[in-house]
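I wanted to look up how one chain is built and where it packs.

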Amino acid sequence: MKISDLAVLIKGAVEGDDTDVTSLSGIGTARAGDLTFAQDESNLSLAEKSQSSCVLTTVAMRISSKPLIRVHNPKLAFLISYRFLHPLVPTTPFIHPSAVVASTVKFGNNVRIGAQTSIEGQVTLGDNVIIESGCVIKENCFIGASCHLYPRVVLYQDTLLKENVILHAGVVVGCDGFGYVKDRGTIHKFPQLGKVIIEENVEIGANSTIDRGSLDDTIIGANTKIDNLCHIAHNVKIGRNVIMAAQCGIAGSTTIGDDVTMSGQIAITDNVTIGKNVVIGGKSAVIGSVKENVVVWGNPARPLAQTKKQMAVLSWLTKNFSSLSKMVKEKNS
Amino acid sequence: MKISDLAVLIKGAVEGDDTDVTSLSGIGTARAGDLTFAQDESNLSLAEKSQSSCVLTTVAMRISSKPLIRVHNPKLAFLISYRFLHPLVPTTPFIHPSAVVASTVKFGNNVRIGAQTSIEGQVTLGDNVIIESGCVIKENCFIGASCHLYPRVVLYQDTLLKENVILHAGVVVGCDGFGYVKDRGTIHKFPQLGKVIIEENVEIGANSTIDRGSLDDTIIGANTKIDNLCHIAHNVKIGRNVIMAAQCGIAGSTTIGDDVTMSGQIAITDNVTIGKNVVIGGKSAVIGSVKENVVVWGNPARPLAQTKKQMAVLSWLTKNFSSLSKMVKEKNS
Amino acid sequence: MKISDLAVLIKGAVEGDDTDVTSLSGIGTARAGDLTFAQDESNLSLAEKSQSSCVLTTVAMRISSKPLIRVHNPKLAFLISYRFLHPLVPTTPFIHPSAVVASTVKFGNNVRIGAQTSIEGQVTLGDNVIIESGCVIKENCFIGASCHLYPRVVLYQDTLLKENVILHAGVVVGCDGFGYVKDRGTIHKFPQLGKVIIEENVEIGANSTIDRGSLDDTIIGANTKIDNLCHIAHNVKIGRNVIMAAQCGIAGSTTIGDDVTMSGQIAITDNVTIGKNVVIGGKSAVIGSVKENVVVWGNPARPLAQTKKQMAVLSWLTKNFSSLSKMVKEKNS
């Protein structure tokens with residue numbers, strides 16, 4: 001593809017030779033024919049030394065010896081270019097002969113089912129759904145159009161996926177929540193009667209687990225992205241556009257507002273509400289509700305400035321410990 | 001079912017019309033014919049506004065416009081009612097034709113084996129065992145009566161499950177422990193010769209992993225409940241009636257007493273002993289043994305009152321930092 | 001095997017009767033014919049009371065009533081003896097008839113493929129590779145000689161395993177990294193074009209997840225051992241001989257040097273460098289780069305002595321809080 005043609009598609013301006021690009025890559029691995037991107041001066045210098053044929057960069061950046069396409073957001077333009085240079089090949093419908101598919105499964109157009117899958121009764125599969133090898137879909141699930149289930153995903157009964165949901169390998173959706181009633185030394189299992197609803201454009205990382213609701217449903221809002229090895233307990237409601245990094249755990253019946261951003265290994269306790277736009281620092285323990293638009297961090301999590309000040313005070317006290325202890329001893333004597 | 005008949009089964013007293021109930025649900029989703037429960041005034045008010053036909057509540061609660069069944073513990077009565085309204089349907093024995101079952105596997109009565117499973121030699125399956133799709137059971141495992149393995153569970157060789165064990169999707173039992181010997185810069189793998197024993201009525205959540213013992217066995221005591229994504233290392237001994245929430249990790253050769261309760265994301269170090277009835281707060285790091293009946297919390301974990309006092313002191317010091325630092329400066333000058 | 005013959009193989013010296021050993025076990029479970037080991041006095045006493053036929057111990061240890069083999073490192077000698085007493089049985093090549101193997105897969109000698117596996121096009125399998133039941137190997141993977149994949153491992157496309165790699169059940173390698181670009185409220189998925197390279201003698205524990213690189217590759221160095229439920233993000237480079245205990249998470253593009261030792265449940269933030277020989281204490285949050293040869297611990301992680309001193313100071317301040325608060329009040333009044 002001529003870079004002048006690509007520039008039209010991504011609303012950029014070509015500078016330098018109107019060369020051809022055939023693929024994309026990072027600066028470190030770029031070869032002739034590759035498009036790469038540079039958001040700052042130092043990366044532009046590295047890109048110039050690479051074999052890449054064209055660099056996506058900003059309007060503000062200096063003139064270069066390489067052909068450039070100047071755009072508003074080079075990283076965004078790079079990912080959009082990826083789709084133009086590697087368009088999704090229209091697939092043909094396919095069911096691997098080793099797949100076990102109940103006779104009552106309803107198929108949309110152009111569904112692909114991999115080897116060794118098992119799809120139980122009353123399941124509905126939307127158009128262009130891809131279910132890779134080794135998945136198990138239990139009865140009465142609904143899988144919306146263009147969902148992609150990577151190998152070995154398990155959906156328990158009644159799970160509902162809206163359109164364009166991506167579930168990576170080993171994800172389990174709809175398993176029983178952790179609900180018990182203790183009575184005179186005996187632990188009774190509480191029925192887990194709700195289901196899981198995952199809205200459109202959600203992506204969930206490998207080996208994460210999403211519990212079904214106990215009496216209510218567990219809901220994950222549209223466009224939310226959840227990384228690997230996360231745990232979402234029963235009845236949790238996660239809003240739209242939430243970013244949750246790896247190994248986070250959300251306890252039962254907690255609500256997370258839209259546009260919340262969470263780093264990795266965060267724990268949020270049960271039955272609390274995290275407001276919209278909250279940002280939570282890595283490895284925090286959130287033990288209460290958090291109001292909208294606040295940044296929290298720590299164990300237990302507190303507003304960022306407060307946690308940082310406490311850390312600074314403790315450092316200072318440690319440094320000045322001999323004076324401090326002398327004062328206290330004098331006071332006490 | 002008439003509520004007067006149900007009341008006899010759950011030892012409750014009917015108040016109001018002797019109506020029919022056909023199913024159960026939470027207050028938020030109750031429809032006509034549903035039984036629900038209310039443990040307090042505000043939930044009773046919500047239940048009255050719902051379409052539910054009958055409410056399980058306590059003896060102490062006020063008179064209601066809805067038919068009630070008064071019981072000692074409404075939540076417990078609800079879960080017991082669930083089994084009466086939805087009795088387990090006696091199943092018929094079944095082996096899916098796609099299952100691969102070694103000729104030396106011993107079958108109890110009424111065993112059900114799902115699609116795409118693999119069961120290796122010398123495995124014993126008790127009466128009423130259910131093994132769902134995609135499970136892999138390696139050689140010489142023993143699976144007790146009425147165990148239920150959800151899809152894609154893996155049991156390594158020699159694993160022993162007693163009766164009524166529930167393993168959720170993706171659980172791995174009996175994988176090698178993390179044991180190595182370093183010698184002059186080389187890391188040698190230490191043989192993992194023990195096995196895993198899981199006693200009756202244990203339930204383990206999705207994608208949790210239980211390592212086999214290295215020389216000894218790993219043991220999980222009866223009635224213990226383990227949530228999703230937990231890690232139990234080699235040679236760990238967990239007592240009876242332990243509750244362990246999601247994403248906890250127990251390091252090698254540690255012993256956990258009966259009736260211990262653990263919140264989520266707790267780490268317990270290796271070779272320590274946690275006494276009976278200990279309660280451990282969320283995200284704690286337990287770096288030593290803990291005596292019976294103590295509540296601990298924090299990183300590192302300490303008795304709850306001590307951790308809370310330290311937090312309060314640090315908050316106070318931070319608030320009074322300017323006075324404090326002035327005093328120290330005056331002292332030093 | 002006569003212990004005199006074993007002693008030659010492990011470079012030890014026999015003391016006492018030249019008895020026969022047929023197997024190995026720990027002190028607690030040793031039976032007649034078993035070899036066991038004792039590194040200290042108290043374990044030697046226990047070993048003497050056991051039924052074991054021979055004890056591996058050090059040159060420094062006292063004379064015993066049991067036959068001994070004295071060696072430099074008893075635990076190391078025990079694991080080496082394991083291989084002599086239980087030599088690997090040469091296996092025969094085997095492909096289970098239920099396996100689905102693309103016609104373009106290249107086979108080394110003596111490959112074993114378990115039931116219900118799926119191996120896609122252009123995959124190369126080295127000599128003596130074992131792939132157990134339920135694995136899914138996507139297109140264009142390379143699996144080096146003597147690799148062992150336990151049940152239900154998933155390799156995404158282009159994954160490269162060098163020789164002798166062991167992946168335990170449920171491991172996922174090559175899943176998409178967690179990369180998105182936010183633009184005016186919309187979250188776009190960034191292409192994940194790199195792959196995963198796992199070097200020789202690496203072992204990875206059950207249900208761990210290793211993301212593919214986004215533009216670069218994710219690399220795990222030779223001899224590194226990773227425990228269960230760990231998360232390695234995109235573009236991470238892990239050195240050689242690294243020990244990483246369970247439930248650790250390494251965020252994107254971070255580099256970990258050779259010979260680093262990590263306890264469990266550690267989080268390391270993105271884009272930092274951990275120097276060679278660093279030791280990181282359990283449940284630490286590493287929020288910056290760490291120089292070579294340092295021991296760090298805490299949340300956030302600091303040099304061990306500093307974290308310990310801060311803890312001691314905080315304890316002291318808590319104990320002396322009444323004096324301290326009185327002083328501050330007097331100062332302020």
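Before anything else I noted that helix axes are lines fitted to C-alpha atoms over the stretch in contact, and that angles run from 0 to 180 degrees between N-to-C directions. Helices (H or I, at least four residues) and strands (E, at least two) are DSSP runs, numbered from the N terminus.

A reminder to myself: this is a predicted model, where local features need pLDDT of at least 70, side-chain atom pairs count only at pLDDT 80 or more, and totals for chains, interfaces and linings use all residues. Residues are numbered from 1 along each chain as its sequence is written, and chains are lettered from A and ligands numbered from 1 in the order written.

Entry: helix pair. I looked up α1 (residues 3-10) and α3 (residues 74-85), both of chain A, and found them packed at about 115° with axes 10 Å apart. Which residues of α1(A) meet α3(A)? I found L6(A), L9(A) and I10(A), meeting A77(A), I80(A), S81(A) and F84(A); contact is C-beta atoms, placed from the backbone, within 7 Å.

Entry: whole chain. I got five helices and 38 strands for chain A. Its radius of gyration (taken over C-alpha atoms) is 26 Å, well over the 20 Å from the globule rule (2.2 Å times the number of residues to the power 0.38) for 333 residues, so chain A is more spread out than a compact globule. I also noted that its C-alpha trace spans about 85 × 65 × 30 Å along the principal axes.

Entry: neighbour. The contact between the chains takes 47 residues from chain A and 44 from chain C. On the chain A side, α5(A) gives the most, with six residues.

Key
Contact = placed C-beta atoms within 7 Å.
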